[in-house]
Amino acid sequence: MEILKKPVLTEKAAVLTEKLNRYIFQCDHRANKLQIKSAIEAMYGVTVDAVNTMVVVGKNKTRSTKTGIVQGRIAKYKKAIITLKEGETIDFYSNI
């Protein structure tokens, strides 16, 4: 099971990062807080102070095409808000 899927890079996440030193990640929906904490510490080499999680429920989506209306559903996922120890940061753009 791959615990961390990707970081969430939105304007709201950027404000949380700048003001409160928090980072948001999309995680596997079966992962618990301890697994997420150890995965972040191993991948980025930082000390995690707190982990808050929430399950984002999938939405129904509809779009109109030439052949008619197509309906589908977006999968649910778990979002983790990671608070780092004071003075530590994660740089997502260092590998570019």
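Tutor: Let us begin with a definition: rings of Phe, Tyr and Trp (its six-membered ring) pair if their centres lie within 6.5 Å. Planes under 30 degrees apart count as stacked, over 60 as edge-to-face, and the rest as tilted. Please note that this is a predicted model.

Student: How many aromatic pairs does the structure hold?
Tutor: The structure holds 1 aromatic pair. Phe25 and Tyr44 form it, with 5.8 Å from centre to centre and 40 degrees between the planes, an arrangement classed as tilted.

Student: Which parts of the chain does the pair tie together?
Tutor: Phe25 lies in strand E2 (residues 22-27) and Tyr44 in helix H2 (residues 33-44), so the pair links parts that are 19 residues apart in sequence.

Student: And Phe25, buried or exposed?
Tutor: Phe25 counts as buried because its relative accessibility is 2%, and buried means under 20%. Tyr44 counts as partly exposed, at 28% relative accessibility.

Student: Turning to the sheet, what is the order of its strands?
Tutor: It is an open sheet of 4 strands in the order E1-E2-E6-E3, and the pairing is antiparallel.

Student: Which strands stand at the edges?
Tutor: Strand E1 (4-7) and strand E3 (48-56) do; each has a single partner strand, so one side of each is left without a neighbour in the sheet. Direction ignored, neighbouring strands of this sheet are turned by 30 degrees against each other on average.

Student: How many bridges join E1 to E2?
Tutor: There are 3 bridges between E1 and E2, which run antiparallel. Lys6 has Gln26 in E2 as its bridge partner.

Student: And how many join E2 to E6?
Tutor: E2 and E6 are joined by 6 bridges, again with the strands running antiparallel. Within E6, Ile82 stands opposite Tyr23, and Lys78 is the bridge partner of Cys27.

Student: That leaves E3 and E6. Over how many bridges do they pair?
Tutor: E3 and E6 pair over 8 bridges in the antiparallel sense. Val48 has Leu84 in E6 as its bridge partner, and Thr53 stands opposite Ala80 in E6.

Student: Which helices lie on this sheet, and where?
Tutor: Helix H1 (residues 11-20) packs on the sheet and touches E2 and E6; its direction makes about 140 degrees with that of E2. H2 lies across E1, E2, E3 and E6, and runs at about 125 degrees to E3.

Student: How many residues of E2 and of E6 are buried?
Tutor: In E2, 5 of its 6 residues are buried, so that strand is mostly covered. E6 is also mostly covered, with 6 of its 8 residues buried.

Student: A change of topic: how many salt bridges does a search of the whole structure find?
Tutor: The search finds 1 salt bridge. Arg30 forms a salt bridge with Asp28, and the closest N and O atoms are 3.1 Å apart.

Student: What else is there between Asp28 and Arg30?
Tutor: A polar atom of the Asp28 side chain lies 2.9 Å from the backbone nitrogen of Arg30.

Student: Are these two buried or exposed?
Tutor: Asp28 counts as buried at 7% relative accessibility, whereas Arg30 counts as exposed at 56%.

Student: Where does Asp28 lie, and what is it in contact with?
Tutor: Asp28 lies in the loop between E2 and H2. Leaving aside neighbours within four places in sequence, Asp28 is in contact with Met1, Glu2, Ile3, Lys5 and Lys78.

Student: One last residue. Where does Glu88 lie?
Tutor: Glu88 lies in the segment after strand E6 (77-84). Glu88 is partly exposed, with a relative accessible area of 22%.

Student: Which residues does Glu88 touch?
Tutor: Not counting residues up to four places away in sequence, Glu88 touches Asn21, Val46 and Thr47. A polar atom of the Glu88 side chain lies 2.6 Å from the backbone nitrogen of Thr47.

Student: And what separates Glu88 from Asn21?
Tutor: Their C-alpha atoms are separated by 8.1 Å, although Glu88 and Asn21 are 67 residues apart along the chain.

Key. Residues numbered from 1 in each chain as written. Predicted model: local features only at pLDDT ≥ 70, side-chain atom pairs only at ≥ 80, totals over all residues. Heavy atoms only, no water. Helix = DSSP H or I, 4+ residues; strand = E, 2+ residues; numbered from the N terminus. Buried < 20%, exposed > 50% of the residue type's maximum accessible area, 1.4 Å probe, protein only. Contact = heavy atoms within 4.5 Å. Polar contact = N/O pair within 3.5 Å; in protein donor to acceptor, adjacent residues only side chain to side chain. Pairing = 2+ DSSP bridges. Axes fitted to C-alpha atoms, helices over the stretch in contact; angles between N-to-C directions. Salt bridge = Lys/Arg side-chain N within 4 Å of Asp/Glu carboxyl O.
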